[in-house]
Amino acid sequence: MTELPTVQDVTQASQALGLGASAAELHGGLCGWLSAGGAAVREWPAKVLADDSLPPVQEGDTLDDLLTATVAQLEDRDFAFELLLTDATDTTSQADALFAWARAFLGGFGLGAGGNRPVLSEEGEEALTDLAKLAQVSVEDFESGNDDDEDALAEIEEFVRVAVLLLHGDCVMGARHRQRLN
């Protein structure tokens, strides 16, 4: 399996390009873009952040590695996909990163779909609706150090991971298989 770059490396690369997006937001947006069928191109930051003035990532740099690893993880048959969130250990920071990731995913998904409503399975529709609800949750709902909140956050993260794989399967993998059948 291909490993994602570290949160610190992605944060530094984002800052170096003046992107103003956290590692979680960049990864969430990239995953949304790719899951909706957006192309895996070096211009992905411009596509995901809807800013055509952004330069493409350079081959072999951290954001190029993020793209390569994310594509590999989304297509991994062992479901080894991971979310790139935060290095922080407190529940509040982790929740904030997860909700920012979900919001960025939805934005990237909409951009990746190119304004067209993708054909989703019933489960895919439900997953997208649930992700939209999750993106509206406030970090104030979590208290750092509360074991119940830590468990709930772990469950939410697993839900998001599975929902992304389901949506990617509907929009990308399913479309590839339908093309092969025709």
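A residue counts as buried when its relative accessible area is under 20%, as exposed when that area is over 50%, and as partly exposed in between (1.4 Å probe, protein chains only). At 3% relative accessibility, His168 therefore counts as buried. This is a predicted model, in which local features need pLDDT of at least 70, side-chain atom pairs count only at pLDDT 80 or more, and totals for chains, interfaces and linings use all residues. Residues are numbered from 1 along each chain as its sequence is written, and side-chain values use heavy atoms, leaving out hydrogens and water.

You will find His168 in helix 7 (residues 147-181); helices are DSSP runs (H or I, at least four residues), numbered from the N terminus. Leaving aside residues up to four places away in sequence, His168 touches Leu34, Ser35, Leu74, Glu75 and Met173, where contact means heavy atoms within 4.5 Å.

A salt bridge is a side-chain nitrogen of Lys or Arg within 4 Å of a carboxyl oxygen of Asp or Glu. Arg161 is buried, with a relative accessible area of 18%, while Glu158 is partly exposed at 38%.

The structure holds 4 salt bridges. In one of them, the side chains of Arg42 and Asp64 meet at 3.4 Å, N to O. Arg42 lies in the loop between helix 2 (23-35) and helix 3 (44-48) and Asp64 in helix 4 (residues 62-74), so the pair ties together parts that are 22 residues apart in sequence. Arg42, Glu59 and Asp64 are linked in a network of salt bridges.

Key:
Helix = DSSP H or I, 4+ residues; strand = E, 2+ residues; numbered from the N terminus.
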